[in-house]
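Here are my notes on this one, written as I clicked through it. Have the viewer open while you read.

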There are 2 protein chains.
Amino acid sequence: MEKKPYLTPKQERVLNFIRKRIGERLPPTIREIGEELGFKSTGTVRDYLKALMQKGLVRRMNNKSRAIELTERAGFNKIPIIGTIMAGKPNLAYEEIQGYVDADDLFLGRLGFDDVFALRVKGDSMIDAGILDGDVAIIKKRPNADNNDIVAALLDNNEVTLKRLRSKAGKFHLEAANANYAPIFEEFKVIGKLITVIRKY
Amino acid sequence: MEKKPYLTPKQERVLNFIRKRIGERLPPTIREIGEELGFKSTGTVRDYLKALMQKGLVRRMNNKSRAIELTERAGFNKIPIIGTIMAGKPNLAYEEIQGYVDADDLFLGRLGFDDVFALRVKGDSMIDAGILDGDVAIIKKRPNADNNDIVAALLDNNEVTLKRLRSKAGKFHLEAANANYAPIFEEFKVIGKLITVIRKY
DNA sequence: TGACAAACCACACATTTGTGTGGTATAATA
DNA sequence: TATTATACCACACAAATGTGTGGTTTGTCA
């Protein structure tokens, strides 16, 4: 994992402002950056952007308004994954960062939202697969899945369940991950495949 | 939860394109929308934007480039939580949307990233709490926690573990959620509290 | 029939925004 | 000492982008 290069305090401020604005949904224009940071010339801002680009923190598209992107390196949206943390230090020093999780990535990746929906898990039928009551299951719409995939399936009574798809002698059925529940052999339709489970405490 | 108002197919396409672009980081300009959707006049696009604004799906700022925002209603970043899905319909008709999960919200809320980090879970010591090997645990930095909270703790050997915090007779110790692991009574320091678990399939 | 919304187009024009050139001053580095 | 990086400014210009006016056509609803 590449380390963030040294930035001057001012450069840091520029980067932070861009970060903030992107977080608020709309990257700033050059003049907006200048206004915020108190620069009277667009040239000044461009000097900063050039510096940030050279340090690999920022990417831009020519002649496009607001087309400022932060790179991997800039660590926007990245949550550090930590292995071992050095003791002694009072506040966490990330000495052992194993990598970064991209918040977006981790969550949905680049799926787009059209083919994704969520189910709130009810009950304990998947408890042995580590899916608990109240968890949110993110499902990607698909009309089929493979053996052993966990799927959202539509049953005859119009209910949706989350179960593991199993094939036996060419025939598919659904299995809970909990010995207290019997396999389901009735008619069902796969509506999507489980891609992510999220649990909030 | 307000329902999304009726949109014509074309309006839907415009909205989707905007959604897509915002998802990709940069909202489109009026002309970019027109290009994508095959409109030869910026006026046409503005008509669509006006319609979408009147229906409360889009917000704009005057004279600002790319300043298109989607409102709550437009369901950007919202993943529908579905209870029961009507059968018969070939593609999912969201007749029973129980609400929406805000992707950002669900994931981190508005914590900001400064006091949050992630741990990749190793091993099966928390399996009975539905936390599996490979899961990503999102931890909010805190020097303390309450009884029964699941915490990231720093042990004397400089390792970080995810365990449940227990107090007994005024003394805290750590407990795994797996009968195969003994409680930990040695010295430790709480470094944060588990707030979210994410698992990707 | 009349009114209205949806769906378009063509342009002219005003702003916003990005680009480029050419400066100044200071401090650190080789 | 020459060079380089940082840290600014002023402007002119071009390109991108938003706005506004004034159309046409089609279908629906009262």
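The points below go from the DNA surfaces to one helix packing and then to the strand pairings.

1. Ground rules first: this is a predicted model, where local features need pLDDT of at least 70 and side-chain atom pairs count only at pLDDT 80 or more, while totals for chains, interfaces and linings use all residues. Residues are numbered from 1 along each chain as its sequence is written, and chains are lettered from A and ligands numbered from 1 in the order in which they are written.

2. Start with DNA strand C, which has 24 residues around it (near means that the C-beta atom, placed from the backbone, lies within 6 Å). The closest are Thr29(A), Ile30(A), Thr8(B), Lys40(B) and Gly43(B). Elements giving two or more residues here are helix H2 (30-37) and H3 of chain A, plus H1 and H3 of chain B; helices are DSSP runs of H or I with at least four residues, strands are runs of E with at least two, and both are numbered from the N terminus. H3(B) gives the most, with 5 residues.

3. Now DNA strand D, also with 24 residues around it, of which Lys40(A), Gly43(A), Thr29(B), Ile30(B) and Ser65(B) come nearest. Two or more residues each come from helix H1 (9-23) and helix H3 (42-54) of chain A, and from helix H2 (30-37) and helix H3 (42-54) of chain B. On this surface H3(A) gives the most, with 5 residues.

4. What is the class make-up of the surface near DNA strand C? It has 3 nonpolar, 14 polar and 7 charged residues, and the surface near DNA strand D divides into 3 nonpolar, 14 polar and 7 charged. Ala, Val, Leu, Ile, Met, Phe, Trp, Tyr, Cys and Pro count as nonpolar, Asp, Glu, Lys and Arg as charged, and the others, Gly among them, as polar.

5. In chain B, Gln11(B), Val14(B) and Leu15(B) of H1(B) meet Tyr48(B), Ala51(B) and Leu52(B) of H3(B) (contact: C-beta atoms, placed from the backbone, within 7 Å). That contact has 5 nonpolar, 1 polar and no charged residues.

6. The S10 strands of chains A and B pair in the antiparallel sense over 5 bridges (pairing takes at least two DSSP bridges), and Arg199(A) has Val197(B) as its bridge partner.

7. Within chain B, strand S6 (residues 136-141) pairs antiparallel with S10(B) over 6 bridges, with Ile139(B) opposite Leu194(B). Strand S7 (residues 150-155) of chain B runs antiparallel to S10(B) and is joined to it by 5 bridges; Val151(B) has Lys193(B) as its bridge partner.

Note on methods:
Contact = placed C-beta atoms within 7 Å.
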